[in-house]
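User: I would like to go through this structure by question and answer. Please keep to what can be computed from the atoms.

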Amino acid sequence: MSDIIQLLPDHVANQIAAGEVVQRPASVVKELLENAIDAGANNIKLLLKDAGKTLIQVIDNGKGMSATDARMSFERHATSKIKKAEDLFNLCTKGFRGEALASIAAIAHVELKTKQENEELGTCIKIEGSKIINQDFVSTSKGTSLAVKNLFYNIPARRNFLKSDTVETRHIIDEFQRVALAHPSISFLLHHNNNEVYHLKSSNLRKRIVSIFGAKMNEKLVPINEQTDILSIEGFVAKPEFSKRKRGEQFFFVNDRFIKSSYLNHAVVNAFDGLLEQGAHPSYFLYLSVPANTIDINIHPTKTEIKFDNEKALYAMLRATVKHSLGQYNVAPVLDFSRDANLDTPYHFNKNTTTATTPKITVDPNFNPFKQETEKPISNSFNTPKKTESWEALYTSTAFDVEEKQEVLFDTSQEVKTQKTFQIQRKYLLSSIKSGAVLINQSLAHQRILYEEFLESITVKEANSQQLLFPVKISFSSSEIEMIYTIKTELENAGFSFDEFTKDSVTIKGIPLSVTESKITIVLEELLNNIDLEVPDASFSHFDIMAKSFAKTLSIKTGTQLSEKEQETLVNDLFSCKEPSISPFGKSTFKTLTLKEIDNLFNS
Ligand code: ADP
Ligand code: MG
């Protein structure tokens, strides 16, 4: 038999390698930011369009590349950072694999502009799917600009796999924060769809943390400082009373590289022993420096886990240092009885205080700070429902009200007793309509229904509320309490009623009809989380996020068996919505199949 093994062509090999290096836009961001830092830049700009799906561009003022190096940089295993195997044990750069640019160029449209200090002209190279399209001289400033457009344009499966812009943006911001926290002396700029998200000036560590996490952070920080022969530890932990219910702000850096380590995390948590409430997570920003030859950063492909030679000693030292600092800063005694408890309450919450009633506001439910205006905004007045053409056009061209809508829509010629809908795989509902059939995604449809319900009760009318037999006290971190307090009136409109606010808890005595008692905590936690994710500045109304968040948390999920009656209600409620065809997050809630399309299935 003839030989069958052959070497893969480079562009195929690169594409395969890319799968490991580039999972999502955030991976590209990480690689490019790290290259800029390795190039010695002290000013780095990150420009994004559409959560990086359309554009990721990093512009640095680092040392730039010669024309030959610029070309070489896109070759696989091409790196200036190590020369021989031993160098792997003494890394002082972020990169060393020489894979990133080759991988990125295999799966995107890339444009590189780079110039070294003393050169008159720089180099511009354009690459698409590993192929060099163009190389030219260009007049540009010292440093490098790398623009990555249309990520995964040639791997549709990967592109489709990307999450919503909000989620992808969150991942990018996480990477950006990690890099920015590791290098406070470098100034960073982040623009998304031409909006400035961060403008971080060169500063010290404490100021960098505060400029990323807000001025409130300043008072929470307890400094940590310890030098020994094998380790130096610097940074901050947040005072225990500011611990979080979610592991949000936990950062370890080892030799200026962000790492994850459940082992070291354990050491820190252990140092807080007895100071944290159950289920609370301390915030920390800890910078460890160890000799480069005592760590191995090579064991994980995305390089956030590393191996230490001397793990046990590090653990003990870290724990002792954090414990010592907590004690020194007098945060160890949590309860201080000599204090006036009233002063501890951040708000003068008083039931007799008359709070202003919310004005009847209408919102743009499609508003998304990161999205360009491509979709048609949903009708935003509940009093004067505007007919939206999208789905109605499927059934009729004239305007009609809700009951008519359903009559026109559904095939009422069927016997009353016959079942009108069928559930498929506990995920979809199939129903016969005049023009053919409609397939409805039960979970997305329910999200739409709940969303409109909540939006209406929050913005317009009195909500349906149920009083709890026994008020429920829920603890939150004080920043979360602060957020709940800020949106208290909106929450009340939605059907919540509150009894008492303290520094770290809230007592709830009434909840919206569609919320069950067991879900109160999760509904509120998800809401705070979503507000955190969606609103970079708090100036924007919370109504829409609130309605979306509740809708998502409370909607019927895929896998839920629905009775005939429930199916019918769901279908009826969906088509009574103002915008039945899309979920609050922009996904289609149903698809129609015309009789002709069904016929065609059988004619081919
Ligand atoms: P690695 O960073 O692992 O070396 P990359 O593929 O990320 O691999 O980059 C390849 C090479 O291209 C780097 O070693 C460096 O010499 C060069 N390079 C990449 N980005 C920049 C930049 N922003 N400025 C200067 N040189 C760069
Ligand atoms: Mg690199």
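User: How far is a polar side-chain atom of Asp60 from a nitrogen atom of ligand 1?

Analyst: This is a predicted model, in which local features need pLDDT of at least 70 and side-chain atom pairs count only at pLDDT 80 or more, while totals for chains, interfaces and linings use all residues. Residues are numbered from 1 along each chain as its sequence is written, chains are lettered from A and ligands numbered from 1 in the order in which they are written, and side-chain values use heavy atoms, with hydrogens and water left out. A polar contact is a pair of N or O atoms within 3.5 Å; within protein, one must be able to donate a hydrogen and the other to accept it, and residues adjacent in sequence count only if both atoms are side-chain atoms. For the Asp60 side chain and a nitrogen atom of ligand 1, the distance is 2.9 Å.

User: How much of ligand 1 does the protein bury?

Analyst: An oxygen atom of ligand 1 sits 3.3 Å from a polar backbone atom of Ala100. The side chain of Thr144 has an N or O atom 3.2 Å from a nitrogen atom of ligand 1. Alone, ligand 1 exposes 530 Å², an area from the Shrake-Rupley method with a 1.4 Å probe, where for residues only the protein chains shown count as cover. The share of that area buried by the protein is 92%.

User: How many charged residues are in the shell around ligand 1?

Analyst: A residue is near the ligand if one of its heavy atoms lies within 4 Å of it, and of the 18 residues around ligand 1, Asn35, Thr79, Ser80, Lys81 and Gly98 come nearest. Ala, Val, Leu, Ile, Met, Phe, Trp, Tyr, Cys and Pro count as nonpolar, Asp, Glu, Lys and Arg as charged, and the others, Gly among them, as polar. The shell holds six nonpolar and eight polar residues, and the charged ones number four.

User: Is Ser80 buried or exposed?

Analyst: Ser80 is in the loop between helix 3 (67-72) and helix 4 (100-106); helices (H or I, at least four residues) and strands (E, at least two) are DSSP runs, numbered from the N terminus. Buried means under 20% relative accessible area, exposed over 50%, and partly exposed in between (1.4 Å probe, protein chains only). Because its relative accessibility is 60%, Ser80 counts as exposed.

User: Why is strand 11 (residues 250-254) largely enclosed by the rest of the structure?

Analyst: Gln250, Phe252 and Val254 point one way from strand 11, and Phe251 and Phe253 point the other way. Strand 11 is largely enclosed because the number of its five residues that are buried is five.

User: Which residue of strand 13 (residues 284-289) stands opposite Phe253?

Analyst: Two strands pair if DSSP finds at least two bridges between them. Strand 11 and strand 13 pair in the parallel sense over five bridges.

User: Which residue takes a positive phi in the hairpin of strand 11 and strand 12?

Analyst: Strand 11 and strand 12 (residues 257-259) pair in the antiparallel sense over three bridges, with Val254 opposite Arg257. Two residues lie between the strands of this hairpin, and the one with a positive phi near 45° is Asn255.

User: How many residues apart are Asp165 and Lys53?

Analyst: A salt bridge is a side-chain nitrogen of Lys or Arg within 4 Å of a carboxyl oxygen of Asp or Glu, and the whole structure has nine. Asp165 and Lys53 form one, with their closest N and O atoms 2.6 Å apart. The pair links distant parts of the chain, since Asp165 is in helix 6 (residues 165-182) and Lys53 is in the loop between strand 1 (43-49) and strand 2 (55-60).

User: How far apart are N and O in the salt bridge of Arg178 and Glu175?

Analyst: Both residues lie in helix 6, three residues apart, about one turn of the helix. Arg178 is buried because its relative accessibility is 16%, and Glu175 is buried at 14%. The N to O distance is 3.6 Å.

User: Which backbone nitrogen does the side chain of Glu452 reach?

Analyst: Glu452 lies in helix 13 (residues 442-459). With a relative accessible area of 9%, Glu452 is buried. At 3.0 Å, its side chain reaches the backbone nitrogen of Glu579.
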